[in-house]
There are 2 protein chains.
Amino acid sequence: MKPPQVMAFSGDDDIIRIVGHRGARGILPENSIVGFDFALSTGVDLLEFDVLLTADNVPVITHNHEFQGSCVRGPDGDFLKGKAPRVRSLRMEDVQGFDIGRLDGTSDYGRRFPDQAQMDGIRVPRLAELLHLVSQPKYANACLMLELKSDPDSALDPVARAGFVSLVCDEVRGAGLTDRTLLHSFDWTLLAECHRQAPDMPLSFLTQLHDSEDDVGEESSHPVAPDLHQPGISVPDEVSKAGGALWCPHFSEITAHDLARARELGLCVAVWTVNEPADINAMIDLRVDAIVTDYPGRVQRRLSDRGFRWAR
Amino acid sequence: MKPPQVMAFSGDDDIIRIVGHRGARGILPENSIVGFDFALSTGVDLLEFDVLLTADNVPVITHNHEFQGSCVRGPDGDFLKGKAPRVRSLRMEDVQGFDIGRLDGTSDYGRRFPDQAQMDGIRVPRLAELLHLVSQPKYANACLMLELKSDPDSALDPVARAGFVSLVCDEVRGAGLTDRTLLHSFDWTLLAECHRQAPDMPLSFLTQLHDSEDDVGEESSHPVAPDLHQPGISVPDEVSKAGGALWCPHFSEITAHDLARARELGLCVAVWTVNEPADINAMIDLRVDAIVTDYPGRVQRRLSDRGFRWAR
């Protein structure tokens, strides 16, 4: 029997799951409480998001190690220019001085999300705020794909790694959400540490063999990911050997052959980040378990139009 | 000094207002509480919506006199087929048996909104529910563009007309929202009755000289609108003579000349329904007062990118 949160990400004959990427990045500010609440309120129960530590060891939800000028404004109200502050170097009280409510439309990154609401006074949330949100009875079906972002500066430091994992897992455990959370990363060494400390929380392995143009304006995961480029390697086999419950390839890199192999190995397969209608249709045709998307309403429409559900 | 709700819809040098059309029809089910709440929560303070009466004289928020099969499901869970029920013939308890949470993707209407979230258990709201929502302190800046939908079957009946206006105005007055509400319609006879009964609530005149392909799948307003096709007629002059505070032309029918004339007459000009980026840009170029849109986040992005605000 699979753990409940793995079941929640698993498809079925007429079910393909929808995972709200950073909440609903196409519609609302990414990795914001308002974005998570929106996705959940529309019946998208599965949330993907990114966790880092502040200088004072507070787990916070934000994607990049350095605040991006394209989506972060400083206390002066302007998008950040010049050298970007590192989250790991800021105390929580300083992090709260930044506003993540808008996109800079002149940036490559901003141009990718032309429908995103533009808001003021939106703060980088603590992990604890999201755990509190999903603890409400109305969101009892919510499950979390919690991405631990490995800091390239300390990825090789086992003490830093153990400390990061411990802080994150303690918060999830303290909130009583271990059976609703997946630990998700590109960094397989970090996932091994997760398994050591929290064997009750399933592991979700992100892979991307080649950088994608879809990701312009974002930090690359390659510095912390293992080399999976050897000829003849089977990525799902590697994920399975490493103890994965989920395999999460970039959608452009999945094949019917690898999906079938993943199924033989008992892996659940969630593809990211699928936004264009033709790509959404292609992933439905493949019958992946779950689609990670910035536009959850769009994926609901494609699934609904084709007779699929996303929840039981 | 203009009334406060007219000020709320009026632009300024660096301000163009955003009005959420039926809430945020591009993103969430139209004329639903969840849609109104979404728009307000993103800082879009101005809401457009449609009011009809049930058989037992409850003002409810829904666009068409007959429920559309393309966006209404019956108690059996299926989109309506065959003869559509008239809202005016249904009691409120029966109206609540219908679900407005999804679009039929095979319909012309459904294809227009490919990103709309697909939800279950969403009910046609009473006007009273929206008035309650905007009475919360967090939405103190919200103002309402309340469209009274004239029933072509009874448009010529002065008793029916007076009764409809009375029921609607009583609810707004009872909620203490007369200074945050515009009375809005295509039916100028109905607006005259509004003025007679509620001279403290400003009037907003909708016009559309020609049907638009943009409106496929919707009821036409033409049976209840006055004939404005006479050669040489100035629509803003007619609106002004009829006592309008706002003029609301279809965006494809506004000209710089008519906008200038409306300004001379002291009218506030709100254009509808502007969804495509090129059209949004054109309306910004014209410097209309307000843009009515199904995609409020998209209009926020266009305004923000061009250095405009939508609120003070």
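**Exercise 1. Describe helix α6 of chain B: how many residues has the helix, and which of them are buried?**

Step 1. Helix α6(B) runs over residues 158–174, which gives 17 residues, and spans 24 Å from first to last C-alpha, close to the 24 Å expected at 1.5 Å a residue. The expected span is 1.5 Å times one less than the number of residues. Helices (H or I, at least four residues) and strands (E, at least two) are DSSP runs, numbered from the N terminus.

The model is predicted: local features need pLDDT of at least 70, side-chain atom pairs count only at pLDDT 80 or more, and totals for chains, interfaces and linings use all residues. Residues are numbered from 1 along each chain as its sequence is written, while chains are lettered from A and ligands numbered from 1 in the order in which they are written.

Step 2. A residue is buried if 20 or more other C-beta atoms, placed from the backbone, lie within 10 Å of its own, exposed if 12 or fewer, and partly exposed in between. In α6(B), the buried residues are Arg161(B), Phe164(B), Val165(B), Val168(B), Cys169(B), Glu171(B) and Val172(B).

Step 3. These residues lie on the same side of α6(B), because they cover an arc of only 155° around the axis. The arc is that of the directions from the helix axis to the C-beta atoms. On the other side of α6(B), Val159(B) and Gly174(B) are exposed.

Step 4. The cover over the buried residues of α6(B) includes β2 (46–53), β4 (143–148) and α7 (188–197) of chain B. After α6(B) comes Gly176(B), with a positive phi near 70°.

**Exercise 2. State which residues Asp279(A) touches, and whether Asp279(A) is buried, exposed or partly exposed.**

Step 1. Asp279(A) belongs to helix α10 (residues 277–286) of chain A.

Step 2. Asp279(A) has 18 other C-beta atoms within 10 Å and is therefore partly exposed.

Step 3. Two residues are in contact if their C-beta atoms, placed from the backbone, lie within 7 Å. Leaving out residues up to four places away in sequence, Asp279(A) touches Phe251(A) and Val274(A). Between Asp279(A) and Ser252(A) there are 8.6 Å, C-alpha to C-alpha, at a separation of 27 residues in sequence.

**Exercise 3. Find what α11(A) packs against, and what it gives to the contact with chain B.**

Step 1. Helix α11(A) is mostly covered, with eight of its 10 residues buried. Among them are Pro296(A), Val299(A) and Leu303(A).

Step 2. Those buried residues pack against β1 (17–21), α2, α10 and β9 (290–293) of chain A. Gly307(A), whose phi is positive, near 85°, follows α11(A).

Step 3. The contact between the chains takes 22 residues from chain A and 22 residues from chain B. On the side of chain A that touches chain B, α2 (33–41) and α11 (296–305) are the elements that give two or more residues. The largest share of that side, six residues, comes from α11(A).
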